[in-house]
Amino acid sequence: MFAISQPPTESDTYTECTDGYHWDHQTEHCKDINECEIIPDACKGEMKCFNHYGGYLCLPRSASVIPASEPPITPAETSRCPAGYEAQGDSCVDVNECEREEDDCQPSQQCINTLGAFTCQCPDGYRKVGTECIDIDECRYRYCQHRCVNVPGSFSCQCEPGFQLAGNNRSCIDVNECEMGAPCSQRCSNTYGTFLCRCDQGYELGADGFACNDIDECSYSSYLCQYRCVNEPGRFSCMCPEGYQLQGTRLCQDINECETGEHQCGEAQTCVNIHGRYQCVDTNRCQEPYVQVSENRCVCPVNKPACRDLPFSIVHRYMSITSERSVPSDIFQIQATSVSPGAYNTFRIRSGDENADFYIRQINNISAMLVLARAVSGPREYTLDLEMVSVNPLLSYQGNYQTSSALRLSIYVGPHSF
């Protein structure tokens with residue numbers, strides 16, 4: 001078999017050029033296309049079109065371009081192969097300028113061979129402007145959800161405080177600071193992009209927003225407890241003095257030792273409950289010339305000469321009051337148990353009130369009120385003889401028109417006020 005080689009016909013002439021060039025039949029070379037002349041309005045606005053090899057630039061009108069001199073064109077007669085090719089036998093084969101290091105690419109560029117020529121490719125993150133590789137500012141295209149940081153040839157995304165990068169390295173997702181050791185001393189609540197510290201009941205958040213400080217409820221009001229308020233971490237409690245017990249959460253109730261059996265009174269004594277304590281009194285408190293006629297009543301017989309100037313009867317009563325009670329204050333009502341027809345009754349303090357701490361306010365003919373005139377402090381005990389004097393004009397003919405009876409009132413002032 002024989003291969004017959006014929007000179008190329010006109011249709012076989014090499015006419016393929018790279019983008020931005022066209023085949024010039026006269027010079028049999030690829031010639032640059034002047035896009036500024038053939039593309040209408042190649043540049044918009046105030047930009048001016050500048051043609052350059054293989055493309056064009058849109059630059060401000062104040063810019064100027066110094067064109068480089070075109071490389072000398074070797075007459076076609078010197079070679080039957082177009083530029084970028086070389087003869088091998090009867091054929092023209094492409095010259096790999098990249099392998100022969102005949103390219104003019106910058107050190108940072110990659111040379112890529114093409115048919116009849118070569119191109120200089122910029123690395124990722126760069127774009128080619130003229131012969132130079134210019135960094136692409138990816139941050140201009142809003143690749144990041146929050147913040148973008150441009151670096152040569154690339155970019156990185158950053159998130160605002162309280163967020164972290166998602167797996168795509170562009171989106172930002174909320175950070176749950178409560179699960180990552182947020183510095184809250186008690187309770188933590190995660191919110192979008194941040195967190196809030198909260199406190200348990202009885203505490204308040206400190207100025208730093210993290211620490212929880214105990215609230216001193218006792219300092220807010222003096223009415224939280226009837227007697228004394230005790231602040232505790234996160235709460236408060238009410239305390240009562242000795243002889244009292246807490247009723248509910250804030251009130252103090254007197255303990256009746258006489259009913260609970262906590263007293264130490266003897267067999268010949270009677271237990272009398274008073275505020276915060278108890279008192280043991282003799283069961284028979286009648287003193288000569290009086291004789292006991294009932295549990296708490298003494299009578300002075302009329303046949304005894306010593307009874308002439310004494311009240312006919314004395315009834316023993318007991319009561320207690322708290323210290324520093326507001327005054328004047330009604331504390332005890334005296335009531336006559338029997339009244340003779342036509343008798344006029346008057347009431348008075350017979351004895352026991354040397355300092356005038358009390359006075360009598362008569363209500364009507366058969367009753368009167370004992371009034372505390374001055375604030376008193378305890379513990380202290382008063383024994384007052386409250387006397388009712390009865391005058392009956394109808395019995396004056398018998399010569400015994402005036403009688404009296406007394407109520408011996410023992411008043412115990414407690415050591416505490418409420």
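**Note on salt bridges, a surface patch and annotated spans**

1. A network of salt bridges links R348, R350 and E387; a salt bridge here is a side-chain nitrogen of Lys or Arg within 4 Å of a carboxyl oxygen of Asp or Glu. The whole structure holds 11 salt bridges.

2. The model is predicted, so local features need pLDDT of at least 70 and side-chain atom pairs count only at pLDDT 80 or more, while totals for chains, interfaces and linings use all residues. Residues are numbered from 1 along each chain as its sequence is written, and side-chain values use heavy atoms, with hydrogens and water left out.

3. The average pLDDT (the predictor's confidence in each residue, from 0 to 100) of the protein chain is 86, and 90% of the residues score at least 70. Residues 1-14 have pLDDT below 50, and beyond near neighbours in sequence this stretch makes seven contacts in the model (heavy atoms within 4.5 Å). Where pLDDT is low, the predicted coordinates should not be read in detail.

4. D357 and R374 form a salt bridge with their closest N and O atoms 2.7 Å apart. D357 sits in the loop between β29 (344-351) and β30 (358-362) and R374 in the loop between β31 (367-372) and β32 (380-391), so the pair ties together parts that are 17 residues apart in sequence. Strands are DSSP runs (E, at least two residues), numbered from the N terminus. D357 is buried at 3% relative accessible area, whereas R374 is partly exposed at 42%. Buried means under 20% relative accessible area, exposed over 50%, and partly exposed in between (1.4 Å probe, protein chains only).

5. In the salt bridge between R100 and E86, the closest N and O atoms are 2.5 Å apart. R100 belongs to the loop between β6 (91-94) and β7 (110-114) and E86 to strand β5 (residues 85-88), 14 residues apart. R100 is partly exposed, with a relative accessible area of 42%, and E86 is partly exposed at 25%.

6. R147 pairs with E160 in a salt bridge, with the closest N and O atoms 3.3 Å apart. R147 is in strand β11 (residues 147-151), and E160 is in the loop between β12 (154-158) and β13 (163-165).

7. UniProt, in an unreviewed entry, lists residues 94-134, 135-173 and 214-253 as "domain: EGF-like"; such annotations may be inferred rather than shown by experiment. Residues 135-173 are 0% helix and 41% strand, with end C-alpha atoms 29 Å apart. Residues 214-253 are 0% helix and 45% strand, and their end C-alpha atoms lie 29 Å apart. Helices are DSSP runs (H or I) of at least four residues.
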